[in-house]
Amino acid sequence: MEKILSYAVFAALVLGTPASAFNGRLGYQTVAVNSSIFEVIPRGRTDADGYWCAAADFARRSLGAGWQQPIYVVRGYGPSEATGRRTAVQFSITPPEGVDLNVMSNSVGFIPGQSRSVQSANGLCNRRPLFDN
């Protein structure tokens with residue numbers, strides 16, 4: 001009976017995660033929405049640096065992006081299209097259509113068109129949040 005329960009829990013975990021999911025650094029999950037857009041979904045921390053860090057990690061490891069490749073915000077905070085979770089941010093390594101690409105990168109939140117290089121976003125992986133959740 002214990003084995004059956006273990007298999008059932010394992011199956012639920014595997015089937016509940018999209019095939020394109022990538023568990024990145026700092027406890028964020030990254031999921032491809034389509035061929036050009038991916039979502040970063042928090043699983044613990046929710047600071048902005050963590051979103052950028054996970055986006056850089058996914059861009060390098062899954063998309064093969066170079067260090068100078070820009071990562072663009074496609075959509076700020078909103079529900080996840082891929083997993084249904086309450087909060088996700090959508091990114092792309094191609095410029096999103098119909099948005100201002102001259103958004104300041106140090107603005108608060110995530111504004112469509114905002115961008116950082118993979119290297120700059122990766123540099124945020126080692127920063128500790130000011131306040132732990």
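Trainee: Let me start with one side chain. Is Arg61 buried or exposed?

Mentor: Arg61 is exposed, at a relative accessible area of 60%. Keep in mind that this is a predicted model. The cut-off for exposed is over 50%, so Arg61 passes.

Trainee: Which residue forms a salt bridge with Arg61?

Mentor: Start with the general idea. Side chains of opposite charge can pair when their charged atoms come close. Here the partner of Arg61 is Asp57. Their closest N and O atoms are 2.8 Å apart.

Trainee: Is Asp57 buried or exposed?

Mentor: Asp57 is buried, with 6% relative accessibility. Arg61, in contrast, is exposed.

Trainee: How many salt bridges are there by this rule?

Mentor: Two. Glu81 is exposed, at 55% relative accessibility.

Trainee: Back to α2. How many of its residues are buried?

Mentor: Eleven of its 14 residues are buried, so the helix is mostly covered. Among them are Asp49, Gly50, Tyr51, Trp52, Cys53 and Ala54. For the length, compare the reach with what is expected. From first C-alpha to last, α2 reaches 20 Å, close to the 20 Å expected at 1.5 Å a residue.

Trainee: What does Ala54 touch?

Mentor: Ala54 lies in α2 and is buried, at 0% relative accessibility. Leaving out residues up to four places away in sequence, Ala54 touches Tyr28, Thr30 and Val40. Now look at Gly27. The C-alpha atoms of Ala54 and Gly27 are separated by 8.6 Å, and the two residues are 27 apart along the chain.

Trainee: And Asp49: what does Asp49 touch?

Mentor: Asp49 also lies in helix α2. Its relative accessible area is 15%, which puts it among the buried residues. Again not counting residues up to four places away, Asp49 touches Leu124 and Arg127.

Trainee: Which cysteines form a disulfide?

Mentor: Cys53 and Cys125, with sulfur atoms 2.0 Å apart. The torsion about their S-S bond is about 105 degrees, so the disulfide is right-handed. The link joins distant parts of the chain: Cys53 sits in helix α2, and Cys125 in the segment after α3 (118-123), 72 residues apart. Both cysteines are buried. By this rule the count is one disulfide.

Trainee: Now the rings. How many aromatic pairs does a search of the whole structure find?

Mentor: Nine. Take Tyr51 and Tyr77: their ring centres are 5.7 Å apart and their planes at 80 degrees, so the pair is edge-to-face. This pair links distant parts of the chain, with Tyr51 in helix α2 and Tyr77 in strand β4 (residues 70-78), 26 residues apart. Two things describe any such pair: the distance of the centres and the angle of the planes. Tyr51 is buried at 1%, while Tyr77 is partly exposed at 46%.

Trainee: Which residues form one aromatic cluster?

Mentor: Tyr28, Phe38, Tyr51, Trp52, Phe58, Tyr77, Phe91 and Phe110.

Trainee: Which charged residue lies over the face of Trp52?

Mentor: Arg116, at 5.6 Å from the ring centre. There is also Arg60: its charged end sits over the ring of Trp67, 4.2 Å from the centre.

Trainee: Now zoom out. How many helices and strands does the chain have?

Mentor: Three helices and six strands. From the N terminus, the order is α-β-β-β-α-β-β-β-α. Of the 133 residues, 35% are buried. Finally, read the contacts by sequence separation. Of those between residues at least 6 apart in sequence, 54% join residues at least 24 apart.

Key:
Residues are numbered from 1 along each chain as its sequence is written. This is a predicted model: local features need pLDDT of at least 70, side-chain atom pairs count only at pLDDT 80 or more; totals for chains, interfaces and linings use all residues. Side-chain values use heavy atoms; hydrogens and water are left out. A salt bridge is a side-chain nitrogen of Lys or Arg within 4 Å of a carboxyl oxygen of Asp or Glu. Buried means under 20% relative accessible area, exposed over 50%, partly exposed in between (1.4 Å probe, protein chains only). Helices (H or I, at least four residues) and strands (E, at least two) are DSSP runs, numbered from the N terminus. Contact means heavy atoms within 4.5 Å. Rings of Phe, Tyr and Trp (its six-membered ring) pair if their centres lie within 6.5 Å; planes under 30 degrees apart count as stacked, over 60 as edge-to-face and the rest as tilted. A charge sits over a ring if NZ of Lys or CZ of Arg is within 6 Å of the ring centre and within 35 degrees of the ring normal. A disulfide is a pair of cysteine sulfur atoms within 2.5 Å. The expected span of a helix is 1.5 Å times one less than its number of residues.
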